[in-house]
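Please look through the model below together with its sequence. The questions that follow take up a few of its residues and elements in turn.

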Amino acid sequence: MGPRLRGALDGIPVYRPGKPAAGSPGAVGAAYKLSSNENPYPPLPGVLESAAAAAASFNRYPDMACSALVEELAARLGVPAAHIATGTGSVGVAQQLLQATAGPGDEVVYAWRSFEAYPIITQVSGATSVRVPLTDGDVHDLDAMAEAITGRTRLVFVCNPNNPTGTVVRRAELERFLDRVPSDVLVVLDEAYREFIRDAEVPDGVELYRDRPNVCVLRTFSKAYGLAGLRVGFAVAHEPVAAALRKTAVPFGVSQIAQDAAVASLRAQEALMERVAALVAERTRVYEALAGQGWTVPDTQANFVWLRLGERTMDFAAACDRAGVVVRPFAGEGARITIGEVAGNDRFLTAAQEFRKEL
Ligand SMILES: *Cc1c(COP(=O)(O)O)cnc(C)c1O
């Protein structure tokens with residue numbers, strides 16, 4: 001008999017990272033990884049230098065409080081430093097939130113399909129997932145989510161824009177929802193793709209949290225900022241929640257390299273905005289080309305598009321694979337395709353067109 005493990009871990013869905021692009025069998029020429037919503041650009045100006053300088057002292061522990069990063073974020077967001085808590089990516093922070101709020105017998109409400117990490121971190125905590133189906137238009141059904149809240153609910157995730165559909169909830173409906181949620185239930189606004197939003201009606205979570213002590217905003221350096229490999233994200237929340245996040249953090253989890261790279265990235269706003277604008281322009285181009293091919297694509301405010309392919313999903317992913325493009329399929333449902341470099345997007349559009357002809 002082996003060591004006894006917690007029963008809560010049984011049957012946990014295994015997180016499947018985006019497949020590596022290189023060497024996929026049958027790939028034609030260069031392969032493009034459009035499966036993990038990564039940024040195709042190299043680090044922003046000054047970031048590599050900053051990270052390399054920090055690397056010179058990696059015999060030392062990092063600043064456990066992430067002081068420089070927290071101060072920089074507090075100043076930029078106009079919030080008290082005590083309201084910011086960092087973690088190893090925003091998934092790390094989300095896991096800290098679960099540890100701080102929920103355990104066996106508690107419930108965590110989220111839309112489905114949404115971010116794959118939610119069911120995993122919920123189950124690890126021992127709490128029970130309550131999944132509320134998206135609407136027919138692949139948008140969060142906030143009324144149904146409000147109705148799913150019970151006396152056992154401890155936390156609600158709202159992923160805005162939603163991964164993997166790219167759809168958003170807008171200010172009026174989100175405020176109406178927040179007004180309905182009991183004040184002792186934490187609402188986590190996961191804004192991993194915030195920088196890609198162009199719809200002016202989508203609220204900034206940091207504005208919504210200010211007079212709502214039960215709202216927490218999650219942000220990350222992994223997507224627009226292009227630091228996915230360094231693992232740094234943060235939450236903005238009122239003190240009791242932010243303090244609980246500091247208690248549940250992995251000690252010294254965010255490396256000094258990640259902290260310094262994040263600060264340098266924040267100081268490269270102009271270059272960041274240019275890159276995000278270029279990716280948004282590519283998003284529009286890909287969206288319109290797909291529509292022109294006859295696909296129905298939900299409006300996306302993130303750095304990816306969603307194709308609802310149903311039973312054809314795995315065939316589609318295999319066809320893309322053969323064309324040298326790795327996409328993210330969800331068997332029986334659809335595929336999520338990241339907006340990448342122009343050549344990768346072109347390769348994907350060609351594969352989509354070929355597949356369309358066979359339908
Ligand atoms: C990518 C993503 C994150 C960020 O993950 P990190 O841990 O910060 O790399 C968080 N939430 C959603 C919905 C995401 O898609």
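Q: Which side chain does the side chain of Lys 223 meet in a polar contact of 3.1 Å?
A: A polar contact is a pair of N or O atoms within 3.5 Å, where within protein one must be able to donate a hydrogen and the other to accept it, and where residues adjacent in sequence count only if both atoms are side-chain atoms. At 3.1 Å, the partner of the Lys 223 side chain is the side chain of Tyr 193.

Q: On what kind of model and numbering do these answers rest?
A: Residues are numbered from 1 along each chain as its sequence is written, and side-chain values use heavy atoms, with hydrogens and water left out. Local features need pLDDT of at least 70, side-chain atom pairs count only at pLDDT 80 or more, and totals for chains, interfaces and linings use all residues, since this is a predicted model.

Q: Is Lys 223 buried or exposed?
A: Lys 223 is found in the loop between β7 (215-220) and β8 (233-236), where helices (H or I, at least four residues) and strands (E, at least two) are DSSP runs, numbered from the N terminus. Buried means under 20% relative accessible area, exposed over 50%, and partly exposed in between, with a 1.4 Å probe and protein chains only. The relative accessibility of Lys 223 is 14%, so this residue counts as buried.

Q: What does the UniProt record annotate at Lys 223?
A: UniProt positions are given in the numbering used here, with shortened feature names, and annotations may be inferred rather than shown by experiment. In this unreviewed entry, the annotation that covers Lys 223 is "modified residue: N6-(pyridoxal phosphate)lysine".

Q: With which side chains does the side chain of Asn 37 make polar contacts of 2.9 Å and 2.7 Å?
A: Asn 37 has its place in the loop between β1 (32-33) and α1, and at 1% relative accessibility it counts as buried. Leaving aside neighbours within four places in sequence, Asn 37 is in contact (heavy atoms within 4.5 Å) with residues including Lys 223, Asn 163 and Arg 336. The polar contact of 2.9 Å joins its side chain to that of Tyr 193, and the one of 2.7 Å is made with the side chain of Thr 338.

Q: What is the phi of Asp 138, a residue other than glycine?
A: Asp 138 lies in the loop between β4 (128-133) and α5 (142-148), and at 6% relative accessibility it counts as buried. Its phi has a positive value, near 65°.

Q: Which residue does a cis peptide bond with omega about 0° join to Asn 160?
A: The residue in question lies in the loop between β5 (153-159) and α6 (171-180). The cis bond joins Asn 160 to Pro 161.

Q: How many of the eleven residues of helix α9 are buried?
A: Among the buried residues of α9 are Ala 258, Gln 259 and Leu 266, and what covers the buried residues includes α1 (47-55), α2 (67-77) and α10 (269-293). Helix α9 (residues 256-266) is largely enclosed by the rest of the structure, because the number of its residues that are buried is eight.

Q: What share of residues 33-348 is helix, and what share is strand?
A: In the unreviewed UniProt entry, the annotation "domain: Aminotransferase class I/classII large" covers residues 33-348. Over this stretch the end C-alpha atoms are 10 Å apart, and the chain is 40% helix and 17% strand.
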